[in-house]
Structure formats: C-alpha cells, structure tokens
Amino acid sequence: MTRQYTITLLPGDGIGPEILAVAVKVLHVIGKQFDIKFDFQEALIGGSAIDATGNPLPEETLTCCRNSDAVLLAAIGGYKWDNLPRHQRPETGLLAIRAGLNLFANLRPATILPQLIDASSLKREVIRGVDIMVVRELTGGIYFGQPKGIFETEMGEKRGINTMAYMESEVDRIAKVAFEIAQKRSGKLCSVDKANVLDVSQLWRDRVNHIACQYPEVELSHLYVDNAVMQLVCAPKQFDTILTGNLFGDILSDAAAMLTGSIGMLPSASLGSEKPGLFEPVHGSAPDIAKQDKANPLAQVLSAAMMLRYGLDEPKAASKIEQSVLEVLAQGYRTGDIMSSQMRSVGCQEMGDVLLKVVES
Ligand code: IPM
Ligand code: MG
C-alpha cells in the first residue's frame with residue numbers, strides 16, 4: 001500500500017536551496033521505487049525569513065512544520081544578517097524551531113567512508129573504521145537556561161550571564177535515547193560531562209548511571225569533556241555512541257565531524273518524542289560558494305535518508321539512498337570540498353544527476 005507523508009522543506013539561505021533541490025529529486029525517485037508519496041510544502045526560516053517577515057522563524061513556518069510528518073532543513077545564515085540584534089539572527093530561528101518542535105535529541109553520525117579516508121587530516125591508521133554517533137541534548141543546558149542576558153551592575157559595569165541547567169527528566173529522556181541507540185549499534189556508550197567542576201554535570205552523571213540500570217547489556221563509560229576531545233582526536237576508534245549535553249555536544253560533534261575530513265558529507269537528525277523530526281546537514285549555509293554550483297549536496301541527501309530511517313520508519317528506502325551515495329563516491333565523483341587527485345570533479349547539479357542515475361539503476 002502507498003504510504004503518504006507530508007514533508008516541510010526549509011531551504012533557508014546560502015547553498016540551502018541548491019542542495020535541497022537535489023535531495024528532493026532523489027526523494028521523488030525513491031518514492032516511486034518504494035511506493036511512498038511525498039507531499040512537499042515549503043516554508044521560510046533564517047535570513048530569507050528575516051528579509052520577508054522580519055522574523056527568523058515566522059509562526060506560519062512553525063505551524064506548517066507541526067502539520068507535517070517530517071521537516072527537511074538545508075542551512076541558514078549569511079554575512080548579511082550577522083550584525084542584527086540576537087533576536088533577529090538566523091541562528092535564533094534554528095534555536096526556536098528546535099524548542100518549538102521540542103526536538104531534544106540530536107543525532108550526529110561521524111563515519112569514515114573508505115572512499116574518503118584521505119580527506120581527513122588525521123593518519124589513515126588512526127581513523128580507518130571510525131563510526132561514531134554523537135547524541136546531543138538539544139533543547140536544554142546553557143543554550144536555554146535562565147537567567148540569561150547582558151545586565152548592568154550597580155557600578156555601571158556590564159555582566160553577561162548564561163545558565164547551564166538540566167532537570168532530571170531532561171537528562172533521563174536523552175539518556176534513554178542514547179542507550180537505545182547504543183544498544184542497536186555496538187553496545188558501547190560514553191557519556192561526556194564536566195562533573196569534576198560543574199554541579200549540573202554531577203547531576204547529569206548521576207542520572208545517566210541511574211538510567212544505565214535499565215540497559216545492563218550496554219557498556220557505559222564517562223569522560224570529562226576536555227579529555228573526551230583529546231581522546232577523539234588521538235584514538236577515535238574507542239568511541240561508538242557518545243551522549244552529551246547541548247554545549248559540549250555542539251563542540252564535540254564538530255570535532256567528530258572533522259575526523260571524517262568532510263563536513264560536507266555529514267547529516268543529522270533532531271527528534272522529539274513525537275513527529276515531526278527535523279533533518280539537516282551538519283554543515284552551514286556556505287554563503288561564499290552560494291549560487292555557484294559548487295556545493296556538495298550529499299550531506300543533504302544523507303539527511304533525507306536519516307529522515308526516512310528515523311523520522312518515517314522507512315529503513316529500506318533510507319538504505320537505498322545511503323548505498324547510492326557510496327556508489328557515486330566509488331565511481332570517483334567529487335565536489336570541491338572532497339576532491340582528491342585522480343577523481344572526477346563535479347558541481348552540485350552534476351553530483352545530483354550522477355546520484356539519480358545510480359538510484360534509478
Ligand atoms: C549547530 C550550530 C548551531 C548550534 C548554531 C548555528 C545555533 O552550531 O547546529 O551545531 O550551536 O547548535
Ligand atoms: Mg555547531
């Protein structure tokens with residue numbers, strides 16, 4: 001029977017529209033093959049929303065997302081909006097959609113593809129076989145804690161404040177997601193905190209240990225965040241699933257991404273306890289190469305695969321996309337960001353075309 005899904009597309013800014021166009025073409029073809037009908041609806045977010053409405057996340061966009069089965073986002077931001085007040089910045093739109101859809105679990109895989117092993121700045125033997133899943137808490141911690149702001153003291157000096165706070169329930173629900181994922185992967189989970197200094201991290205660690213009782217088959221370890229970053233670059237193969245808070249996850253996931261040498265390849269999923277989830281590449285909007293047909297659309301395409309797997313429970317269709325991406329790389333096609341000698345240089349559109357051929361074959 002045909003399954004039908006409403007998908008909200010958020011092209012955003014910079015290279016967003018061009019990479020999203022490739023992913024949509026791929027989804028059309030995959031849909032035909034797997035008897036899935038996608039109803040796409042497009043909405044504004046980020047700089048393009050600021051230009052059109054003055055607001056980086058218009059209410060209409062949030063409503064549109066809430067009425068869909070999944071949200072596929074490209075990227076937001078650009079020089080043009082960098083100096084606006086915080087509430088009008090594109091990033092504020094991203095934080096607002098995470099909060100608005102209650103997307104507390106952010107999954108960021110960092111996998112070394114054998115075809116791209118030379119794209120990494122680390123030695124082959126250090127990174128061969130690395131396959132890490134960072135599970136980042138996304139709607140709490142210092143990004144959202146109160147009080148926050150810049151205040152003036154009685155002495156007339158300004159003081160900036162952000163608050164790192166977690167409720168037990170917030171830690172518990174993200175820990176469960178991470179244990180479930182670790183269980184399906186190699187059964188190893190490393191929780192990252194700063195419990196030697198921060199009370200909020202001590203609570204985090206205590207709750208993770210508590211939740212661990214429900215998952216006796218998962219091997220749990222804990223690392224302080226400074227050590228974790230060091231371990232990540234010197235011996236990344238020790239990691240399978242990493243669980244961490246919002247700020248540490250922001251930092252660790254960029255470091256993990258760069259192990260692969262190609263941030264242009266990495267997708268992500270942001271999930272709540274209900275639909276819709278939001279799926280987006282880890283990379284940004286790359287305004288310097290926008291509209292030049294230079295962008296790598298593969299992270300966006302792989303985000304569509306994550307949407308199928310984690311958002312719509314269509315794992316077969318997801319695998320077909322993932323396999324096709326590997327095949328295109330095996331055939332030697334490379335955009336500028338992952339180019340190496342002897343390979344065939346292509347632009348965004350041509351990468352999309354060769355990928356479609358493989359998907360259709
Ligand atoms: C990310 C980004 C965002 C974050 C910014 C753009 C708000 O760095 O998704 O990792 O800090 O979460
Ligand atoms: Mg980040």
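Which residues are around ligand 1? Before you select them, note that this is a predicted model, in which local features need pLDDT of at least 70 and side-chain atom pairs count only at pLDDT 80 or more, while totals for chains, interfaces and linings use all residues. Residues are numbered from 1 along each chain as its sequence is written, chains are lettered from A and ligands numbered from 1 in the order in which they are written, and side-chain values use heavy atoms, with hydrogens and water left out.

**Stop 1: the ligand**

Select ligand 1 and then show Glu91, Leu94, Arg98, Arg108, Arg136, Tyr143 and Asp250, which are the residues around it, each having a heavy atom within 4 Å of the ligand. Turn next to the arginines: an N or O atom in the side chain of Arg98 is 2.7 Å from an oxygen atom of ligand 1. Arg108 has a polar side-chain atom 2.8 Å from a ligand oxygen, and for Arg136 the distance from a polar side-chain atom to an oxygen of ligand 1 is also 2.8 Å.

**Stop 2: the two domains**

Now colour residues 1-101 together with 276-361 as domain 1, and residues 105-262 as domain 2; these bounds come from an automatic or database domain assignment. The contact between them, meaning heavy atoms within 4.5 Å, takes 11 residues from domain 1 and 13 residues from domain 2. The C-alpha centres of the two domains lie 24 Å apart.

Together the domains bury about 1200 Å², 75% of it on carbon and sulfur atoms; buried area is the accessible area (1.4 Å probe) that two parts lose on being put together, summed over both. Between domain 1 and domain 2 there are zero salt bridges, a salt bridge being a side-chain nitrogen of Lys or Arg within 4 Å of a carboxyl oxygen of Asp or Glu.

On the side of domain 1 that touches domain 2, helix 4 (90-100), helix 10 (298-311) and helix 11 (315-330) each supply at least two residues; helices (H or I, at least four residues) and strands (E, at least two) are DSSP runs, numbered from the N terminus.

**Stop 3: details of the backbone**

Go to Gln146 and Pro147, where the joining peptide bond is cis, with omega near 0 degrees; Pro147 belongs to strand 6 (residues 145-152). Another cis peptide bond joins Lys275 and Pro276, with omega about -5 degrees, and Pro276 sits in the loop between strand 11 (267-271) and strand 12 (277-281). Finally, select Ala286, in the loop between strand 12 and helix 10, where phi is near 40 degrees, a positive value in a residue other than glycine.

Notes:
Polar contact = N/O pair within 3.5 Å; in protein donor to acceptor, adjacent residues only side chain to side chain.
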